[in-house]
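Biologist: I have a structure open and would like to go through it with you. Shall we begin with how its helices pack?

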Amino acid sequence: MLVPFIRILRAVGVVLYVMLSGVSPFLDESEEETCSNILRTDFCFPNEFFAGVTAEAKEFIKTLLVDDMGKRPTAHTCLDSAWLKRAALHRSNQIRPRPISTARLAHFLDRRRHLVLATS
């Protein structure tokens with residue numbers, strides 16, 4: 001079964017959110033609240049997790065996480081994102097964003113691993 005690319009873009013937004021913050025965009029106190037947040041597309045960018053993240057990156061994530069597929073960007077629109085264009089610049093370019101730290105993602109994966117082990 002083929003999945004329309006426009007649906008995949010929302011997953012890309014979730015993955016990008018996790019990579020930049022180390023937390024899930026919809027995570028809440030309980031599974032029920034987390035599911036509710038997913039259904040309502042209820043997320044935010046807490047300063048404790050997004051302190052060094054640019055407004056361009058957060059805006060890009062917002063466009064990817066839009067619930068209405070008709071309002072989500074196309075792949076071509078994503079490639080025109082100011083944040084992605086800056087990230088694609090050569091490392092020596094002064095306006096290129098700083099490299100994304102993998103420490104937050106590693107912490108997220110460790111938490112997930114412990115959660116899976118605890119529920120097994």
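Biologist: At what angle do helix H1 and helix H4 pack?

Modeller: In this predicted model, helix H1 (residues 5-21) and helix H4 (residues 55-64) pack at an angle of about 145°. Their axes are 8 Å apart, and H1 passes H4 in a left-handed crossing.

Biologist: Which residues make the contact?

Modeller: H1 contributes Leu-9, Arg-10, Val-12, Gly-13, Leu-16, Tyr-17 and Leu-20. From H4 come Ala-57, Phe-60, Ile-61 and Leu-64. Nine of the residues in this contact are nonpolar, one is polar and one is charged.

Biologist: And how many residues has the largest nonpolar core?

Modeller: That core has 16 residues. Those with the most contacts inside it include Leu-16, Tyr-17, Phe-50 and Trp-83. H1 and H4 are the elements that give two or more residues to the core.

Biologist: Turning to aromatic rings, how many pairs are there?

Modeller: The whole structure holds seven aromatic pairs. In one of them, the ring centres of Tyr-17 and Phe-43 are 6.5 Å apart and the planes stand at 90°, so the pair is edge-to-face. Tyr-17 belongs to helix H1, whereas Phe-43 lies in the loop between helix H2 (31-40) and helix H3 (47-50), 26 residues apart.

Biologist: Is Tyr-17 buried or exposed?

Modeller: Tyr-17 counts as buried, because its relative accessibility is 2%.

Biologist: What cluster does Tyr-17 form with other aromatic residues?

Modeller: Tyr-17, Phe-26, Phe-43, Phe-45 and Phe-50 form one aromatic cluster. Phe-26 also counts as buried, at 5% relative accessibility.

Notes
Residues are numbered from 1 along each chain as its sequence is written. This is a predicted model: local features need pLDDT of at least 70, side-chain atom pairs count only at pLDDT 80 or more; totals for chains, interfaces and linings use all residues. Side-chain values use heavy atoms; hydrogens and water are left out. Axes are lines fitted to C-alpha atoms, for helices over the stretch in contact, and angles run from 0 to 180 degrees between N-to-C directions. Helices (H or I, at least four residues) and strands (E, at least two) are DSSP runs, numbered from the N terminus. A crossing is left-handed if the near helix is turned anticlockwise from the far one by less than a right angle, and right-handed if clockwise. Contact means heavy atoms within 4.5 Å. Ala, Val, Leu, Ile, Met, Phe, Trp, Tyr, Cys and Pro count as nonpolar, Asp, Glu, Lys and Arg as charged, and the others, Gly among them, as polar. A nonpolar core is a set of buried Ala, Val, Leu, Ile, Met, Phe, Trp, Tyr and Cys residues joined through side-chain atoms within 4.5 Å. Buried means under 20% relative accessible area, exposed over 50%, partly exposed in between (1.4 Å probe, protein chains only). Rings of Phe, Tyr and Trp (its six-membered ring) pair if their centres lie within 6.5 Å; planes under 30 degrees apart count as stacked, over 60 as edge-to-face and the rest as tilted.
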